[in-house]
Amino acid sequence: MTDEVAQDFDREWVEFLDPDDSETMVRADLTWLLSRWGCVFGKHPDEGGCPGIEADQPADGCCLHGAFYTDEADIKRTKQIVKKLTPETWQLHRRWKDTIVDDTLENEEGEEEPAKKTAVVDGACVFHNREGFPTGAGCALHQQAMRDGVHPMEYKPEVCWQLPVKRDFKTEHRADGTEVSVTLITEFDRASWGPGGHDFDWWCTASPKAHTAVEPVYLSYAVELTELLGPAAYEKLADLCQARDELGLVAPHPATVAASRGSTQLAFPTRMRRPAEAHQH
């Protein structure tokens, strides 16, 4: 598709020490966190919804290639949740061992390492209910979370609920001989997928179609960012984002700018938050 903005553009950053860890620096992408990106899956593409990363599979969104599990804890948690699913709520209902496959994933040194991921069946993730299924198209785990009244983050593989927020870690060596750990929070853009990302027919973070949310990302993703950074670091980040928003960004996200200049209405609701946290923002 041709509605996406160019991949490389000016970005504005802020960094601060983690209030709970004075040896960790948080470096956050304000251009992304103050953007009005919001997931548009669930609406027809003709009505401003997600056209999918493959043009001939719009109802499958970005759930085509399966999800890599981050570690054994991620696998164990998902396995427990899968027990809640039934043939009536999960179209491809099957034994757990038939949902997980061996693969490889590139490590920080560029070397392939063994990894586990969700199986792909008939061109999409095994947990993805297809268009026409009684529950509607979408992740069976996500749908179960909605039925149970919990945040989808508690039921889905980590990579699924993090996207399209990207968290990276690195160690920086300073001129005085000291080191500082850096936690990077930014946009999971096409390049973040690796070479395969450029083969997608569409990717939401660069499309004005998906920059129509009522709230900026730092608020709509408050639960996820809190989990990724910790409560104290998120509160500090939220304060800095609010202050910058009030002053005005020097480098706003071009997809948000394009959406605001178009006829698209900013009308997508706030994403679900945990009750204990919802009053904070």
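**Close-up 1. Asp-98 and its salt bridge with Arg-95.** In this predicted model, Asp-98 has a relative accessible area of 31% and is therefore classed as partly exposed. Its side chain meets that of Arg-95 in a salt bridge, with a distance of 3.1 Å from N to O. Arg-95 itself counts as exposed, because its relative accessibility is 51%, a value to be read against the cut-off of over 50% that defines an exposed residue. Side chains of opposite charge can pair when their charged atoms come close. A search of the whole structure finds 14 salt bridges, and two further examples are shown in the close-ups that follow.

**Close-up 2. A salt bridge between Arg-11 and Glu-187.** The side chains of Arg-11 and Glu-187 meet in a salt bridge, at 2.8 Å from N to O. Arg-11 is partly exposed, with a relative accessible area of 23%, whereas Glu-187 has a relative accessibility of 3% and so counts as buried.

Close-up 3. Strands E1 and E2 run antiparallel and are joined by six bridges, and they form a hairpin with two residues between them. Within this pairing, Val-14 has Ala-28 in E2 as its bridge partner. The side chain of Arg-27 forms a salt bridge with Glu-15, where the closest N and O atoms are 2.8 Å apart. Arg-27 belongs to strand E2 (residues 21-29) and Glu-15 to strand E1, the two being twelve residues apart. Arg-27 is classed as buried because its relative accessible area is 16%, which falls under the limit of 20%, while Glu-15 is partly exposed at 44%. Salt bridges that share partners join Glu-15 and Arg-27 with Lys-170 and Glu-172 into one network.

Close-up 4. Strand E3 (100-106) and strand E4 (112-118) pair in the antiparallel sense over seven bridges. Thr-104 stands opposite Pro-114 in E4. The hairpin has five residues between its strands, and Gly-110 there takes a positive phi near 80°. In a regular strand the side chains alternate between the two faces of the sheet.

**Close-up 5. A patch of negative charge on the surface.** Glu-106, Glu-108, Glu-109, Glu-111, Glu-112 and Glu-113 gather in a patch of negative charge on the surface. One of these residues, Glu-109, is found in the loop between strand E3 and strand E4. Glu-109 has a relative accessible area of 59% and is therefore exposed.

**Close-up 6. The loop between E5 and E6.** Asp-122 is placed in the loop between strand E5 (120-121) and strand E6 (124-125), and has a positive phi of about 50° although it is not a glycine. With a relative accessibility of 72%, Asp-122 counts as exposed. Gly-123 also has its place in the loop between E5 and E6, and counts as partly exposed because its relative accessibility is 31%. From C-alpha to C-alpha, Gly-123 and Val-165 are 25 Å apart in space, with a separation of 42 residues in sequence.

Close-up 7. Leu-163 and Pro-164 are joined by a cis peptide bond, for which omega is about 0°. Pro-164 is placed in the loop between helix H4 (158-162) and strand E9 (165-173).

Close-up 8. Glu-154 is found in the loop between helix H3 (140-148) and H4. Its relative accessible area is 32%, so Glu-154 is partly exposed. The C-alpha atoms of Glu-154 and Lys-236 are separated by 24 Å, and the two residues are 82 residues apart along the chain.

Methods
Residues are numbered from 1 along each chain as its sequence is written. This is a predicted model: local features need pLDDT of at least 70, side-chain atom pairs count only at pLDDT 80 or more; totals for chains, interfaces and linings use all residues. Side-chain values use heavy atoms; hydrogens and water are left out. Patches are made of residues with over 30% relative accessible area and no salt bridge: like charges are joined within 9 Å, nonpolar side chains (Val, Leu, Ile, Met, Phe, Trp, Tyr) within 5 Å. Accessible areas come from the Shrake-Rupley method with a 1.4 Å probe; for residues, only the protein chains shown count as cover. A salt bridge is a side-chain nitrogen of Lys or Arg within 4 Å of a carboxyl oxygen of Asp or Glu. Lys and Arg count as positive and Asp and Glu as negative; His and the chain ends are not counted. The place of a charge is taken as NZ of Lys, CZ of Arg, CG of Asp or CD of Glu. Helices (H or I, at least four residues) and strands (E, at least two) are DSSP runs, numbered from the N terminus. Buried means under 20% relative accessible area, exposed over 50%, partly exposed in between (1.4 Å probe, protein chains only). Two strands pair if DSSP finds at least two bridges between them.
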